[in-house]
Amino acid sequence: MLSCMGSPIKTPSLRFYFAMTTPLDLPAYETIALVLQGGGALGAYQAGVFQGLTEAHIKPNRFSGISIGALNIAIIAGNAPRKRLARLVEFWETICQPGLGFAANPFIEQSLFNLNDTMRQGMSFLSAMNTVIGGQQGFFRPRFPAPSLDIAGEPDNTSYYDTQPLKETLERLCDFDRINSGELHVSVGAVNVRTGNFTHFDNTQIALKPEHFMASAALPPAFPAIEIEGDYYWDGGLVSNTPLADVLNSRPRTDTLAFQVDLWSARGRAPATMNEVSDRIKEIQYSSRTRLITDQLRWTQHLRVLLSHILEDIPADVRAQDTYCKLAQELSSSKRYNVVHLIYRDKPYEQHYKDYQFSLATMREHWAAGLQDIHDTLKDPTRLAMPDNDSGFVTHDVHGEEIERSMHKPKTA
């Protein structure tokens, strides 16, 4: 652990150490879901969260993701449990190498990065510009020449970067037979370019291929639309960057514990510079109003539970014959849902290019932040308890709880 400007910063080594802990005693949830938002280079935070879940022996059986979240899911679901963390490390260490030129010495890069926030900001800017100019190894490369603004081309070539390297990386690191084996329930979100409709590619309905995950991460105009069965698809974050509803509205309904891992915070201060304006726009745009969606899902589940209680007071023979009772039974549910919300928090030096700033040093910091946040969350096992309230729905956000406590903290003289 190193100190910078008075605050400790954890810096994992290039090869992360995985420390298994005592298994947590979870309630009998039928579904344990990992829900991953999009956010480019910030996605290493999600890898850190997954490491923490693995250390606690929490094994999700349902995965839903968008953009970089979909790519993380491909790596996790496409490997045997004992290989998942190592493959995540390999994936992130691959795509955090520059597409052109030589990578900086990892030790020197990390040492400079740890000096202070001014050095971090300068290094981050240079890394982001390097990404713009040369792309990232195993992920995307710039098109030469760049596409014309007026001359028509094919949809899968109309972008500033080519994502063929990503396809090769996914084929190398993922076993798609395993993804489609039914061992895990996997879905990723994308947008149909022609209709503008949001689509979930789900392995319970179709056989998922590299193209489905690439489509979920095809953010225009940087990346090209991906063709799937004659239609073209873009990044799902264009419509909704939060796939939580896909998990909680799944049929048949099940008692569900969902870990929702967001890379953009809806909360933030009013910007004071134009760079901060650009950053805040992205946060608001891609946070996708997760709390609003959660509130809507909570209210919907409250109504389902209410219907379930009302039906209990109606004689069975009436329920079996009455049309409206039958409809009410289809809508009702006594299942319970616990949503554990983790949100990446900006660092003081980060700017609007943080989602395409792929340096190894920053990746390690994002990973460590996710690992720390899930550790802090799991310190209180009651956060994982089965809901026992009227709605059958609870949410937990360790940072939100910290904010609430600070707001109600008594003032001292």
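Which are the buried residues of H2? In this predicted model, the buried residues of H2 are Ile68, Gly69, Ala70, Leu71, Asn72, Ile73, Ala74, Ile75, Ile76 and Ala77, and the views below begin with that helix.

**View 1. Helix H2 (68-77) is mostly covered, with 10 of its 10 residues buried.** Leu71 and Ile75 of H2 take part in the contact with helix H6, and Leu71 and Ile75 are also among the H2 residues that meet helix H3.

**View 2. Helices H2 and H3 pack with their axes 9 Å apart, at an angle of about 135°.** That angle makes H2 oblique to H3, and the crossing of the two helices is right-handed. On the H2 side the residues involved are Ile68, Leu71, Asn72, Ile75 and Ile76, which meet Arg84, Arg87, Leu88, Phe91 and Trp92 of H3.

**View 3. The axes of helices H2 and H6 come within 9 Å and cross at roughly 25°.** H2 is therefore roughly parallel to H6, since angles under 35 degrees count as such. The contact is made by Leu71, Ala74 and Ile75 of H2 together with Leu166, Leu170 and Leu173 of H6. The crossing of H2 and H6 is right-handed.

**View 4. Helix H6, residues 164-173, has Pro165, Leu166, Thr169, Leu170 and Leu173 as its buried residues.** Seen down the axis of H6, these buried residues fall within an arc of 135°, so they line one face of the helix. An α-helix has 3.6 residues a turn, so residues three or four places apart point the same way. The cover over the buried residues of H6 includes the helices H2 (68-77), H3 (84-95), H7 (176-179) and H8 (210-216), along with strands E5 (141-142) and E6 (161-162).

**View 5. Strand E3, residues 31-36, is mostly covered, with 6 of its 6 residues buried.** In a regular strand the side chains alternate between the two faces of the sheet. For E3 both faces are covered, with Thr31, Ala33 and Val35 buried on one side and Ile32, Leu34 and Leu36 buried on the other. Strand E3 is joined by 6 bridges to strand E11 (residues 256-262), and these two strands run parallel; within this pairing, isoleucine 32 stands opposite leucine 257 of E11. Strand E3 is also joined to strand E4 (residues 62-66), here by 4 bridges and again in the parallel sense, and alanine 33 stands opposite arginine 62 of E4.

**View 6. Strands E7 (residues 185-192) and E8 (residues 198-202) pair in the antiparallel sense over 5 bridges.** The two strands form a hairpin with 5 residues between them, and glycine 196, which lies in the turn, has a positive phi of about 75°. Valine 191 has phenylalanine 198 of E8 as its bridge partner.

**View 7. Threonine 294 lies in helix H11, which spans residues 290-312.** Its relative accessibility is 7%, and because buried means under 20%, threonine 294 counts as buried. When residues up to four places away in sequence are not counted, threonine 294 touches Leu244, Phe393 and Thr395.

Methods. Residues are numbered from 1 along each chain as its sequence is written. This is a predicted model: local features need pLDDT of at least 70, side-chain atom pairs count only at pLDDT 80 or more; totals for chains, interfaces and linings use all residues. Side-chain values use heavy atoms; hydrogens and water are left out. Two strands pair if DSSP finds at least two bridges between them. Buried means under 20% relative accessible area, exposed over 50%, partly exposed in between (1.4 Å probe, protein chains only). The arc is that of the directions from the helix axis to the C-beta atoms. Contact means heavy atoms within 4.5 Å. Axes are lines fitted to C-alpha atoms, for helices over the stretch in contact, and angles run from 0 to 180 degrees between N-to-C directions. Angles under 35 degrees count as roughly parallel, over 145 as roughly antiparallel, 65 to 115 as roughly perpendicular and the rest as oblique. A crossing is left-handed if the near helix is turned anticlockwise from the far one by less than a right angle, and right-handed if clockwise.
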